[in-house]
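Please keep the sequence and the model open while reading.

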Amino acid sequence: MANVPPFGSRPDGRRTIRERRARPFGPVHVRTLVPNALTVLALCAGLTAIRFALEGRFEASVVAIIVASVFDGLDGRVARLLHGSTRFGAELDSLTDFVNFGVAPVIVLYVWSLNAIGGIGWIAVLGYAVCCALRLARFNVALEDPDKPVWTGNYFVGVPAPAGALIVMLPLYLTFIDVPGIKALPIVVALHCFFVAFLMVSRIPTFSGKRMGIRIKREMVLPILLLVGLSAAVILNYPWIAFSGIALGYLALIPVSVSRYRKHLARTSSAWSPENDDLPIG
């Protein structure tokens, strides 16, 4: 008697679509779970920052957002290290970035100072949050562009969301180091929010650091380690001075990144022009 396939199966032995959909999910490898766990921890830190702000604990709020940014920096690197990158993880990371860097910082600023000017302060919050969402959406779409030159990996288009959150909280850092009068000028804080929102959705190229060389000269090892140690000591002992300097330094670095980007773009255009189509791209 010929073998009769079970009910619902195809004659060639393959499962039908209904059977594949009904089949429970198989086991998930740990290497895909670890990066997503870090992303969830980042989300918890960002939401906790909002809670601290509502309780009036603004320094704790800023620390929580900084912790969220650390977890955000780790999850992608851990995923690549463990070969555990997934589409689910990428979508979760993008949503978490919006909460942590597009919502939490400006909610903290609103509770701290912007609420004193009512609707204008809330418009600043909404403007920043919307611009952050647009910036993240543009970044996700740009990842799918296969025609970008390799050197463009050195640059972001606009200020990335974590850096935007770092910069938008500058008024808080300055207040924590006893710079007077900032909290009493909420309109200045609102203008600062609009400025950072513009930087995020702009086409201004900013350094990404993704394609930095992985090798350094042997004689530079000790100076770099010394610099890392000194930086850690400053951040641990004078955190708000350090973060104020980092935020201002990032803003000062933007004109340099624009200049470097234009030089790369000019070299690429020259290399691919008809009269110079045999020149390599450096």
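Contact, as the word is used here, means heavy atoms within 4.5 Å. The model is a predicted one, in which local features need pLDDT of at least 70 and side-chain atom pairs count only at pLDDT 80 or more, while totals for chains, interfaces and linings use all residues. Residues are numbered from 1 along each chain as its sequence is written, and side-chain values use heavy atoms, with hydrogens and water left out.

**Overall layout**

The protein has ten helices and two strands, where helices (H or I, at least four residues) and strands (E, at least two) are DSSP runs numbered from the N terminus. Read from the N terminus on, the order of the elements is α-α-α-α-α-β-α-α-α-β-α-α. Of the 282 residues, 34% count as buried; buried means under 20% relative accessible area, exposed means over 50%, and partly exposed lies in between (1.4 Å probe, protein chains only). Among contacts between residues at least 6 apart in sequence, 78% join residues at least 24 apart.

**The nonpolar core**

A nonpolar core is a set of buried Ala, Val, Leu, Ile, Met, Phe, Trp, Tyr and Cys residues joined through side-chain atoms within 4.5 Å. The largest one here has 49 residues, and those with the most contacts inside it are V62, L109, L114, Y128, V159, L172 and Y173. Two or more residues are given to this core by each of α2 (30-54), α3 (58-82), α4 (87-112), α5 (119-142), α6 (161-168), α7 (170-176), α8 (186-201) and α10 (239-271). Leaving aside its neighbours within four places in sequence, V62 is in contact with M169, L172, Y173, F176 and W240.

**Helix pairs**

| Helix pair | Axis distance | Angle |
|---|---|---|
| α3 and α4 | within 11 Å | roughly 165 degrees |
| α4 and α6 | 9 Å | about 5 degrees |
| α5 and α8 | 9 Å | about 15 degrees |

Angles under 35 degrees count as roughly parallel, those over 145 as roughly antiparallel, those from 65 to 115 as roughly perpendicular, and the rest as oblique. The helices α3 and α4 are therefore roughly antiparallel to each other, and their crossing is left-handed, a term used if the near helix is turned anticlockwise from the far one by less than a right angle (right-handed if clockwise). On the α3 side F58, S61, I65, A68, S69, D72 and D75 meet D93, D97, N100, F101, A104, P105, V108, V111 and W112 of α4. By class, this contact of α3 with α4 has nine nonpolar, three polar and four charged residues, with Ala, Val, Leu, Ile, Met, Phe, Trp, Tyr, Cys and Pro counted as nonpolar, Asp, Glu, Lys and Arg as charged, and the others, Gly among them, as polar.

The pair α4 and α6 is, by its angle, roughly parallel. Here F101, P105 and L109 of α4 meet A161, P162, A165 and V168 of α6, and by class the contact has seven nonpolar, no polar and no charged residues. Seven of the eight residues of α6 are buried, so this helix is largely enclosed by the rest of the structure; the buried ones are A161, A163, G164, A165, L166, I167 and V168.

The helices α5 and α8 are likewise roughly parallel to each other, and α5 passes α8 in a left-handed crossing. I120, I123, A124, G127, Y128, C131, C132, L134, R135 and R138 of α5 make the contact with I187, A190, C193, F194, V196, A197, M200 and V201 of α8. By class, the contact of α5 with α8 has 15 nonpolar, one polar and two charged residues.

**Single residues**

T96 is found in helix α4 and counts as buried at 3% relative accessibility. Its C-alpha atom is separated by 5.5 Å from that of L43, 53 residues apart along the chain, and, leaving aside neighbours within four places in sequence, T96 is in contact with T39, A42 and L43.

H192, found in helix α8, counts as buried at 14% relative accessibility. Leaving aside its neighbours within four places in sequence, H192 is in contact with I167, V168, L170 and P171.

D178 is found in the loop between α7 and α8 and is exposed, with a relative accessible area of 66%. Most residues other than glycine have a negative phi. D178, although not a glycine, has a positive phi of about 70 degrees.

How values were computed
Axes fitted to C-alpha atoms, helices over the stretch in contact; angles between N-to-C directions.
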